[in-house]
Amino acid sequence: MADKRIYAFGGGKADGNAGMKQLLGGKGANLAEMAGLGLPVPPGFTITTESCKAYHDAGKEMPAGLMGEIRKAVSVVEKQLKRKFGDGLLFSVRSGAAASMPGMMDTVLNLGLNDATVERLGTEAGNPRFAYDSYRRFITMFGDVVAGVDRKLFDAELDAAKKRTRVLRDSDVAADELKNVVAQLKRVYRRETGEDFPQDPWVQLERAILAVFESWNNNRAIEYRRIHRIRGLLGTAVNVQAMVFGNLNDNSATGVAFTRDPATGANEFFCDVLFNAQGEDVVAGLRTPDDFSAFQKHMPKLADELLEIRHKLEQHYRDMQDMEFTIEDGKLYILQTRNGKRTAKAALRIAISMVEEKLLTREQAIVKIDAASLNQLLHPTFDPKAKTQVVAKGIPASPGAAKGKAVFTPEAAELMAHKGETVILVREETSPEDIKGMAASQGILTARGGRTSHAAVVARQMGKTCVAGCSELEIDEHEKVFRAGKIVVREGQYISLNGSTGEVMLGDVPTVPPELSGDFETIMAWSDEFRRLGVRANADTPVDANKAREFGAEGIGLCRTEHMFFDATRINRMREMILARTLEQKQAALAKLLPMQREDFVGLFKAMDGMPVTIRLLDPPLHEFLPQDPAIQQVIADELEVPVRIVQESVEALHEVNPMLGLRGCRLGLTQPLIYDMQVQAIIEAVREAEQAGAKVAAEIMIPLVGTVDELRPLRRRIEAQVERFNLEKQARVKVKIGTMIEVPRAALTADKVAEEADFFSFGTNDLTQMALGVSRDDAEKGFLIEYVIRGIFPTDPFATIDAEGVGKLVEMGIQLGRKTRKDLKVGICGEHGGDPESIEFCHNAGLDYVSCSPYRVPIARLAAAQAAIKAGK
């Protein structure tokens, strides 16, 4: 731990810099950097993330001696500003982790006000209304963040005052009425906490700092870190900064700006501003702000100054910036800057533009793009020809086409999504507590807020569609209904949101496939230039194969033949084979399946035309093809014209206590070889047919679940004999490669032996993870897995991102041992990890030849593979 726990900034100098994010958090590091650049940053200091960790390690106690150091840091700010804390000098107390977590942790503004200093502040400013507005905000935030009082209880008092005095806006509430509101807020505080509102500024400061430390482990922050896979951080820093007031008078304002459009990436200044307001009003979406043109009209010189700062920050950070600013009585201050959250479309445009502007190299631009965000570009948009009923229009805050059932609480969103429903979360405005409901929703609709509100920023980061500031809506959360003019929409009714136009439409609007932009093709071309890893697709049908090629796949890394059997027109033929009592019956049933399989394979070979196609022989246990429900068993018996007793006896005979470790994969091929014989015959016949039709074929047969070379050897010999026999009989020249799936830990541990009989390895990391960790994926996801991630027992979901420390060692060992036996051994991965950017980086570093993923994740894999190569320097 560093000896220094407090880092000062302001007055054109700073103790820290932008490279100290792990210690100072993103906000503190950037405040220090901006102060060092000479930008107008109000002075203050940052308490390190190590201090937050020390607080939690000490059982939630203020670290020894820290409060004394804080008093010294405050005295430095007092000397700079020639004001005393609590008597002309107020502070904001803000959180700030190394990774951006917008709105997830806590902030307190106007700290230092009390019953005496509020009067002096009003007199000095010549504006009692401003002073009492600041005091009521402070009591509300302190009560909410520090004392744990429901904020709605405080907001209700302000709403009552507005109703009583017949005004619509907070800023229209007069000074005398605000004084009454403050008195009522203190009564609410005492009623809810059992104590008077604290009047000592030092007590306020200490309690606020501890509350920010505490917010590191609040539910919404934990959930946010889980969703966005943020891990390995010490805690949050605390930034204590001199207050500047956007609510001082009509010559004051507050705002949030992006140096480029975060939705499209256009090189246009993107700014939301509220006059005579504080920053929380913009970020929380409490009022719908004005845009930059209104700012230019109202404060032209300050608008020009802000544009100069925009240029300076973007040139310095070489990335699109998200800035918070305040104007106090005609003077501009910058309160924060950070790399701005953006949509995938914007990310591509910004990357390319900054290369064209020579701010970045192509390699630097590639690394800055969030590979996983490309998923946003690969899904449907609304059909422009569809008839729609637009009932309202708001601010297009995060693009996309979202449709689902309207819900009015995050809890309802979670519940309905868990049942498989698609939902749209409808709120007056969102708050950080809504994070789980937002994650469960297809889109978010708010009545208040702008393009920089909490709803908009979080939606863009999650890739969710968002329409914000839809002021035409009257939302009644209690009644679970919203009104748009004469239109009434109740919970459970379908609505559609167009995040590109801001339109809110009734019903389930049809969609059309996406049209990928030239920016997408440019980034993909750059990625292909830099990456070493090949990218294949998991595809079972020609439709999937064609989609994969469209997205740039270089072959099929996994064709799951069992998926072909589950087709409604085929499954009874498979059941007929399972229920067969004699060899002749089994052969007859398989003979019906063979032409179906052959037709599938011909389609795949033609679609890939020369690219490798890896076909996995039957893997799941046979019981999966038979129904467990007695009623359905009777239906199957009738359809197959067999006694139901035979179906019941087969179900019972195939029952296994742990089927994942039972009779499946190569074990099935060894004990019931006719099934694999049929599949191999279909493959080699399909190779010949596709080649005769003019296609080039590179067929690979993959044998699953091998644990020992003694399982692989006889199966390989049988396949080789079958191919040789076919070539002799048909005077053909069919060639196939034969390899295995490494998904049993023993196969990885003895990969040097397994490689003697394998032309290639493909790591099936889904099962390899289950077996290595001793965890059933299906059961764990319903039970303890999320809790393990939250508690840090697993750093992330090991079925989403490969467990590099454990499963990864098996993969690395398997590669090293396999290539010791066969230097030219081709090695890939075909589990779901093949489309995860972090896992792809592991695959690159481990020396794999390719990854294989679902067709829609192929572009993500191409970009992630390039990023891995650039980071590794090769």
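Which residue just after H26 takes a positive phi? It is Gly694, at about 100°. Before I go on, this is a predicted model, in which local features need pLDDT of at least 70, side-chain atom pairs count only at pLDDT 80 or more, and totals for chains, interfaces and linings use all residues. Residues are numbered from 1 along each chain as its sequence is written, and side-chain values use heavy atoms, with hydrogens and water left out.

Helices here (H or I, at least four residues) and strands (E, at least two) are DSSP runs, numbered from the N terminus. Helix H26 covers residues 673–692, 20 residues in all, and reaches 29 Å from its first C-alpha to its last. That is close to the 28 Å expected at 1.5 Å a residue, where the expected span is 1.5 Å times one less than the number of residues.

Two strands pair if DSSP finds at least two bridges between them. Eight strands form a closed barrel with parallel pairing, in the order S27-S28-S29-S30-S31-S32-S33-S34. Neighbouring strands of this sheet are turned by 25° against each other on average, direction ignored. Strands S27 (residues 534–538) and S28 (residues 556–560) run parallel and are joined by two bridges, and Ala537 stands opposite Ile556 in S28. Helix H35 (residues 858–872) packs on the sheet, touching S27 and strand S34 (850–853), and its direction makes about 160° with that of S27. For these angles, axes are lines fitted to C-alpha atoms, for helices over the stretch in contact, and angles run from 0 to 180 degrees between N-to-C directions. Contact means heavy atoms within 4.5 Å.

Now the open sheet. Five strands are arranged as S11-S10-S9-S12-S13, with antiparallel pairing. Strands S11 (290–291) and S13 (331–339) stand at the edges with a single partner strand each, so one side of each has no neighbour in the sheet. S12 (residues 321–328) runs antiparallel to S13, with eight bridges joining them; Phe325 has Ile334 in S13 as its bridge partner.

Strand S8 (residues 237–242) is mostly covered, with six of its six residues buried. Buried means under 20% relative accessible area, exposed over 50%, and partly exposed in between (1.4 Å probe, protein chains only). Ala237, Asn239 and Gln241 lie on one side of S8, Val238, Val240 and Ala242 on the other, and all are buried. Phe45 stands opposite Val240, and Phe91 has Ala242 as its bridge partner.

On to the cores. A nonpolar core is a set of buried Ala, Val, Leu, Ile, Met, Phe, Trp, Tyr and Cys residues joined through side-chain atoms within 4.5 Å. The largest has 127 residues, and Ile523, Phe601 and Phe605 have the most contacts inside it. Not counting residues up to four places away in sequence, Phe605 touches several residues, including Val613, Ile615, Ile683, Ala686 and Val687. Another core, of 81 residues, lies apart from it and includes Val240.

Last, the cysteines. A disulfide is taken as a pair of cysteine sulfur atoms within 2.5 Å, and the count comes to zero. For Cys466, the nearest cysteine sulfur, that of Cys470, is 11 Å away. Cys466 is buried, at a relative accessible area of 0%. Cys830 is in no disulfide either, with the sulfur of Cys843 nearest at 11 Å. Cys830 is also buried, at 4%.
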